[in-house]
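Please look over the sequence and the model below before reading on. The report that follows takes up the pairing of the chains, then a sheet, and then a pair of helices.

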Number of protein chains: 2
Amino acid sequence: MRPTAARQASLREHNLGLVLRTVLEVRAAHQPPRSRADVAAATGLAKATVSALVDQLVAGGLLAELAPATPQRAGRPAVPLTAPTGTLAAIGAEVNVDYLGVRVLDLAGTVLDERLAHRDLRGSAPDEVLPLLGELVEQAVAALGGGPRLVGTALALPGLVDRSTGILRYAPNLGWRDVDVAGMLADASPTLAAYPPLLANEADLAARAEADAREVPGTGRPSFVYVSGEIGVGAALVLDGELFGGRHGWAGEVGHIVVGEGRTLEQVAGQDAMLRAAGLSADDGLDSLVAAAERGDAVATRALATAGGALGLALANVVNVVDVPDVVLGGTYARLAPWLRDPVLAALRRHVLAAPWAQPRVDVALAAPLPAMTGAALAQLGRVLAHPVDWLVDPADQPDAPTPTPATAPSA
Amino acid sequence: MRPTAARQASLREHNLGLVLRTVLEVRAAHQPPRSRADVAAATGLAKATVSALVDQLVAGGLLAELAPATPQRAGRPAVPLTAPTGTLAAIGAEVNVDYLGVRVLDLAGTVLDERLAHRDLRGSAPDEVLPLLGELVEQAVAALGGGPRLVGTALALPGLVDRSTGILRYAPNLGWRDVDVAGMLADASPTLAAYPPLLANEADLAARAEADAREVPGTGRPSFVYVSGEIGVGAALVLDGELFGGRHGWAGEVGHIVVGEGRTLEQVAGQDAMLRAAGLSADDGLDSLVAAAERGDAVATRALATAGGALGLALANVVNVVDVPDVVLGGTYARLAPWLRDPVLAALRRHVLAAPWAQPRVDVALAAPLPAMTGAALAQLGRVLAHPVDWLVDPADQPDAPTPTPATAPSA
DNA sequence: ATGGATTAGTTGTACGGATGAACTTATGCC
DNA sequence: GGCATAAGTTCATCCGTACAACTAATCCAT
């Protein structure tokens with residue numbers, strides 16, 4: 001049986017999560033913080049119930065009360081609620097083709113720490129790269145100084161990942177194959193040994209960050225196809241705010257869709273392919289392509305139009321299959337959007353069967369740079385939002401920082 | 001707010017549905033009926049709770065007790081539970097290119113009535129066809145004799161349907177465009193006027209029936225890509241037993257995927273295309289193609305191999321995008337499976353990026369013939385399983401049940 | 001037959017969680 | 001200072017599930 005019996009405790013758990021999310025969802029949207037009364041109005045729960053739930057969350061360290069704002073109207077002033085800054089954190093990491101890095105977020109979405117290392121990792125050796133990532137993680141953890149409790153860690157990779165075993169199956173642009181990433185990281189970093197990283201595709205995690213950035217309370221949650229143009233081309237599908245991963249989390253493999261004359265999308269619209277088609281070398285980098293396009297270089301703009309057409313055709317296939325007419329350009333494509341947008345949209349209009357009745361849209365990504373690291377951290381923080389009960393600190397334990405899981409604590 | 005507050009009644013509702021589904025799920029799998037104790041064991045609910053829930057469902061007319069089977073073991077014999085036959089029914093209808101029909105199912109999945117009319121509807125006039133369908137519906141309702149309560153009606157169509165307005169946007173193989181199907185049916189049939197039909201794509205509803213047929217209690221619910229080869233080619237995606245429709249229910253439009261040399265899947269692997277490629281005429285029908293293939297006709301088998309390759313390529317695109325490696329061949333393709341299966345599988349193995357780690361599978365549909373009509377009825381019956389509370393009959397309304405409260409002048 | 005073993009289902013009490021109404025607290029406004 | 005207004009708390013109540021003890025209905029061994 002997939003669905004499970006609901007008991008009294010399930011009610012609590014559900015409503016606890018509902019209240020927590022209702023309080024936190026205003027952060028991303030830059031809305032004023034909510035009070036107990038606001039939460040009651042937004043959720044439909046009784047005031048008394050909300051008070052009880054909020055009190056439990058505050059006692060458990062998942063919410064904090066702010067100082068009452070100077071009131072505008074008559075009536076007792078409200079007590080604004082927020083996430084307590086820096087008490088619960090998650091580590092998001094990424095290894096991509098030209099950089100690797102770590103970003104630490106707390107429940108409020110604040111970046112507590114960030115460490116980046118730029119280098120060309122094509123054809124690199126995993127046993128040289130992964131220890132370096134482990135080191136970044138340890139530096140970040142040390143910088144936190146044991147303040148926040150750690151929810152977990154996650155790692156974005158530009159390839160196919162076996163999330164159950166922690167093995168990277170295939171990352172064509174790194175040249176990695178069947179690498180025991182989780183195992184090697186555990187050797188390199190005590191933190192990652194204690195909190196085994198959730199592995200996922202770079203595009204999927206970037207899309208998660210994008211979904212978070214697009215969340216607007218009141219509106220329905222966003223649905224879109226996210227295309228991440230890095231060296232490789234990956235896509236991810238977000239439906240009603242939830243990432244759609246498929247059976248193994250491998251959904252969104254669009255790089256190998258054939259877009260004409262036997263060539264794949266990656267061969268036409270991958271970063272290197274675009275550079276070459278623009279008469280540049282792969283080493284020139286994205287900046288030179290942008291510069292060429294900005295000064296109106298005919299070869300470059302032609303190359304981008306071609307790439308955009310191919311991208312649009314591939315995306316039309318995706319939209320026809322999943323019926324999500326909003327496309328978001330991320331990664332490299334976000335910077336190139338001024339030149340890609342129109343050809344992509346034109347291709348969508350032509351090839352999407354339902355286009356006359358559901359206008360396709362092409363947006364540029366809103367999320368912060370290197371969204372996959374943010375998305376990785378959010379993937380872990382999402383566990384707290386989904387099951388707050390598991391993360392409540394028993395006030396009887398200690399006023400400081402106890403460990404939620406029996407895993408060996410990083411600092412003793 | 002999408003997620004809503006959970007109150008005490010939500011618990012009841014959830015568990016009521018859980019119990020109902022737990023009892024009914026054994027039907028499709030041809031397993032012995034379950035007793036209260038079985039349900040308690042399967043759900044994890046306490047025996048007392050299950051008894052209360054079952055009693056409520058029985059009183060409400062959604063479950064019935066069978067005569068105790070002759071017991072095999074020691075102990076008090078169990079009371080087997082089932083759906084009461086013929087008390088709650090749904091009407092599934094279909095208009096396709098070469099037939100139209102109606103099928104009535106009750107909660108147990110039993111076919112209470114079925115009416116078919118074969119005719120060529122290409123280029124037909126909606127205002128001639130739809131009244132005919134309305135008539136079939138009325139005949140079916142008359143045959144039921146007012147016994148079962150009606151849950152609702154649903155209609156499968158070979159095209160793009162606007163489910164909010166009930167308008168058929170575009171059905172290329174019927175030649176219909178922007179037809180107010182729901183409105184015209186309401187004029188033709190009092191039943192359809194009273195129970196406005198849920199419109200959906202033929203492949204989607206067929207996939208729903210297939211998902212039902214593949215449900216095996218204990219196992220996780222099935223996930224697969226269903227391809228329905230009728231005159232047109234449609235696909236549908238089932239994930240964990242749930243139909244994935246996308247934003248508007250238009251997911252699965254694979255007919256227009258380009259499969260080489262600028263030709264679409266439908267132009268290569270549509271029924272007419274296959275017949276022509278096999279050296280037959282479109283009027284010869286599927287039987288002649290099967291016959292030709294069975295006697296080893298070289299042209300026919302070549303044509304089927306080509307079609308299978310194209311189908312496999314298109315499906316590889318789908319599998320790459322949604323990561324659901326199991327494919328089910330339905331409709332025409334099910335009959336042609338002996339010749340299509342291998343080329344489809346070969347194409348999947350070659351073009352699905354993740355194929356080495358998640359073996360693609362190609363199965364033949366299990367559902368009964370004309371599955372879309374069954375799926376249409378199931379779509380409506382699913383509402384009962386999802387929210388049983390809405391369908392409980394108040395025992396006080398029943399003619400045979402004595403009123404529990406000292407009557408307060410019931411009916412006039 | 002009779003009593004024990006076994007399993008199904010019921011009864012009654014306890015408990016946890018949401019609710020609504022009344023109440024307290026804290027402000028602005030006249 | 002009194003009134004209006006709004007936020008948050010307290011308390012009695014209701015509802016649904018759990019647990020344990022109980023009754024019911026069978027097989028089986030003696």
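## How the two chains are related

In this predicted model, chain B is superposed on chain A by a rotation of 180° with 0.1 Å of shift along its axis, and the RMSD of that superposition is 0.1 Å. This is the relation of a two-fold axis.

## Where the chains meet

The contact between the chains takes 45 residues from chain B and 44 residues from chain A. On the side of chain B that touches chain A, the elements giving two or more residues are the helices α1, α2 and α11 (298-322) together with the strand β7 (160-162), each of them in chain B. By type, the residues on that side of chain B divide into 22 nonpolar, 15 polar and 8 charged.

Of the interface residues of chain B, 98% are also interface residues in chain A, so the copies meet through the same surface.

## An open sheet in chain A

Chain A holds an open sheet of 5 strands, which follow one another in the order β5-β4-β3-β6-β10 with mixed pairing. Its edge strands are β5 (111-118) and β10 (198-201) of chain A, each of which pairs on one side only. Direction ignored, neighbouring strands of this sheet are turned against each other by 15° on average.

Helix α7 (residues 202-214) of chain A lies across β3 (88-95), β6 and β10 of chain A, and runs at about 95° to β10(A).

## Two crossing helices in chain B

Two of the elements that chain B gives to the contact with chain A, α1 and α2, also meet each other: the axes of helix α1 (residues 8-28) of chain B and helix α2 (residues 36-43) of chain B come within 10 Å and cross at roughly 110°. Because angles of 65 to 115 degrees count as roughly perpendicular, α1(B) and α2(B) are described as roughly perpendicular to each other. The crossing in which α1(B) passes α2(B) is right-handed.

Which residues make this contact? From α1(B) come B:L18, B:V19, B:T22 and B:V23, while α2(B) provides B:V39, B:A42 and B:T43. The residues of this contact of α1(B) with α2(B) divide into 5 nonpolar and 2 polar, with no charged residue.

Methods. Residues are numbered from 1 along each chain as its sequence is written. Chains are lettered from A and ligands numbered from 1 in the order in which they are written. This is a predicted model: local features need pLDDT of at least 70, side-chain atom pairs count only at pLDDT 80 or more; totals for chains, interfaces and linings use all residues. Axes are lines fitted to C-alpha atoms, for helices over the stretch in contact, and angles run from 0 to 180 degrees between N-to-C directions. Helices (H or I, at least four residues) and strands (E, at least two) are DSSP runs, numbered from the N terminus. Angles under 35 degrees count as roughly parallel, over 145 as roughly antiparallel, 65 to 115 as roughly perpendicular and the rest as oblique. A crossing is left-handed if the near helix is turned anticlockwise from the far one by less than a right angle, and right-handed if clockwise. Two residues are in contact if their C-beta atoms, placed from the backbone, lie within 7 Å. Ala, Val, Leu, Ile, Met, Phe, Trp, Tyr, Cys and Pro count as nonpolar, Asp, Glu, Lys and Arg as charged, and the others, Gly among them, as polar. Copies are superposed by least squares on the C-alpha atoms of residues with pLDDT of at least 70 in both. Two strands pair if DSSP finds at least two bridges between them.
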